[in-house]
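The following paragraphs lead the reader through a protein structure, from its elements to its links and its surface. Please keep the sequence and the structure in view while reading.

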Amino acid sequence: PSLDQFISLARNRVDGVKIIFYCLDPSYPGISIVNRFDVDGILTNSKLLLKDDIFNAWTIDGRFSFMMLAANPDKMKPNNTIEKKWGAVYVGAGGNMLEYKPKLYRLLLDTVPFGLRLQGSNWNHVPVLKDVWMGPLPTNEIPNAYGSALTVLASTIHTQEIYEMINNRIFEALSCGAIVVMSNFCPSIHREFGDLIMYINETHSFKRIIDYIQSDEAQANRIREAGRAEILKKHTWQHRVVELLDFYHQLPSSSNTSYEDLIRHSFYGERQGYINIKSCFRPNCRNVIVMVSTMLYNHSDVVFVVLPGIFRRLKRDYNVQFLSEIEVSVERIEYADLLIAVVTPFDSLDCFMKALVSPRMQKRAAYLIGFDASLLSEALATAAVLQLPVKYNHYDVLWFRDAFEIKLWREAGLSFTTIRMQHAFGVGKLEVTERSIVKNNGFFLFVCFWTFRHLCLLSERNSLLGTRNGSDSQVLLLGGEWTGWVEMAGVLEVDMLHNVVHVKDGSVGDAVRRVQSAEKVFIMHEEVATASTTVDVLWPFVAAA
C-alpha cells in the first residue's frame, strides 16, 4: 500500500509526471502487485521476467524494458596500497537472509580456513561464522574491504537467481578490481562477464581457486584489470542514465484524447447509449467517473468549469469519464477509483450516492451547486419521522462555491460532517468559516478579459457608470500579462492603478473577495450581454483565469 500511495502522491503533486518502477526482485513486492501499479513504465534487470506473459500489456505498448544494475567507478575503485591479507571477504547480512541464499553458508564455511573477512549485520548467532564476524561496515569502506582480500565472495537471493538477475555486488566488486567467486553458476552472469567470474563446484574447490591466484599473480592481476575495464566500458551509472532517459522519452503519452472528443461522445454529444472513451492509456490508469445531476446539465459551473477543469487537470493521470444521471447505475460505477457527483443537495443523484454502498478503496467527492428549499424540506421531514439528524456525510470531499451557500444549508438545519470541505476555486479553509459580506455602496467592479480587452476601454466603463464617479470603481484583469495591460492605450490610468488587480496564481482569493464585496459587478465579456450581479455567471470566468 505504501508504494501505491507514493505513486498517487507523485501524480497529484507533479503535473504530467512519468513514473517508472525498477523491478529488482520478483518476490518484492510480488510480480502480480507490480503488474497492477499505476506507473508509466517498468524496468527490470531480468530478461526472463521480460518474457513473462503477465506483462504482455506492458511489452506490447513499449512500457517494459531491460536495464542492468551498475557501479560508480569513482567510488568503487581499486586501492592497491592495501595488503591482501585475507583469502576472501564477504560484506552482507546474515541471520534470516541465509534462508534466501541457501548456498551462502556453505560457501563461507569453505573459506574460513583461508582467512575470511566477514562483515555486515546479524552474524552474531550463526554457528562458526559468529567467531570470525567483524561487525558492520560503512558503505564508504567497501572498496578498501574488497581490496584487502584475494577474492570477493558473491551470492544471489534464490528468487533473483531463478530470474537470472545480476545484483549490485558483482558490478561493484569488479569495479574495485576484485576477483569474484560465486557458489552457484548463473547463466546471465557468465554471458555478461565470462571468465571474469569464478565458481565453486564439484571440480573447482575454493582451495583450488586460491592456489591458482597465488601461483600466477600476473594472471590474477590481469583478471582484476579486465574486470574493472569491463565495468568502465559499459556498466557505469553514466551508461544507465543514458538507457533510462532513452526509455523515458520513448514511453507513450498518457493521453491524447481531447476534451472536445470526450464531450462529443458524452451525454452532451450525439452518442447512442454509453461509450467508454479512454482519456488515459497507461495499463493501470485509475478511473474517475464524473456524474452530473439532470437539473444541472446546463449550469454555467458545469459547462465552463467542472467538466473542462476536471478533464484537463486529471486526463494525464486518470481515465476520466462523464455520465449523465440517467446513465448512472451501480454496475457502471462500482469499478471506479473516484466518483465525482455534481449535485444540488438531496436531488435524485445525491440521494442515489447517499444510498450507495461504498467499495473499500473507492473515494467519493461532490461539487455542490445551489440551494433547493423543497428538497431540504423533504429531507428534514423524512428525518423527523425517523427521529434522525440530517447529516451530510456520504462524501470524502465536498467542494462548495461560497460560504454563503453552506450558511443557508446550516441555518436550515443541515449538519455537514464530511471530513474535508474545500472551496471549489482554492480559496477558503478546509472547514467552512461563515463570513458576513460587507457591501460598499461606492464600490463598482469591472471584470475584464485579455481576450476581450477592447470591451474594457475606459470609455466603455464610463458609459456603464453613467453619472457615477469612476474614480472609486475597481477593475479585475483576467489573463494576459501586466505589462500588456499597462501598455494598452485607453484601459488604465496612472491615478487608478491602486484599484486594479491582475488575477494570477495566488491572487484568485483577492479577486473573489472583491467580487463578494462589490455593490455591482460588470462583466466585460461578449457572452454576457448585460451587466449582472449574479455570481453564478462570474465563477466560470474567474476560475478559467
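Helices (H or I, at least four residues) and strands (E, at least two) are DSSP runs, numbered from the N terminus. The model is a predicted one, in which local features need pLDDT of at least 70 and side-chain atom pairs count only at pLDDT 80 or more, while totals for chains, interfaces and linings use all residues. Residues are numbered from 1 along each chain as its sequence is written, and side-chain values use heavy atoms, with hydrogens and water left out.

The buried residues are Arg169, Ile170, Phe171, Glu172, Ala173, Leu174 and Ser175. Just after H9, Gly177 adopts a positive phi of about 75°. Cys176 is buried as well, at 5% relative accessibility.

The loop between helix H8 (158–162) and helix H9 (168–175) contains Glu164, which is buried at 18% relative accessibility. A salt bridge is a side-chain nitrogen of Lys or Arg within 4 Å of a carboxyl oxygen of Asp or Glu. Glu164 forms one with Arg191, and their closest N and O atoms are 2.8 Å apart. This pair links distant parts of the chain, as Arg191 belongs to helix H10 (residues 187–193) and lies 27 residues from Glu164. Arg191 itself counts as exposed, at 58% relative accessibility.

Lys234 lies in helix H12 (residues 217–234), so the pair ties together parts that are 42 residues apart in sequence. Both partners are partly exposed: Lys234 has a relative accessible area of 34%, and Glu192 has 21%.

How many salt bridges are counted by this rule? The count comes to 12. One of them joins Asp38 to Arg282, with the closest N and O atoms 2.9 Å apart. Asp38 lies in the loop between helix H2 (31–34) and strand E2 (41–44), and Arg282 in the loop between helix H14 (259–264) and strand E9 (286–292), so the pair ties together parts that are 244 residues apart in sequence. Asp38 is buried at 3%, and Arg282 is buried at 2% relative accessibility. These two residues belong to a network of salt bridges that also links Arg11 and Asp40.

The strands come next. In a regular strand the side chains alternate between the two faces of the sheet. Two strands pair if DSSP finds at least two bridges between them. E16 pairs with strand E14 (residues 397–400) in the parallel sense over 4 bridges, and Met421 is the bridge partner of Leu398.

A covalent link follows. A disulfide is a pair of cysteine sulfur atoms within 2.5 Å, and the whole structure has 1. This disulfide joins Cys448 to Cys456, with an S to S distance of 1.8 Å. The link is right-handed, with 65° about the S-S bond. Cys448 is buried at 0% relative accessibility, and Cys456 is buried at 0% too.

How values were computed: Buried means under 20% relative accessible area, exposed over 50%, partly exposed in between (1.4 Å probe, protein chains only).
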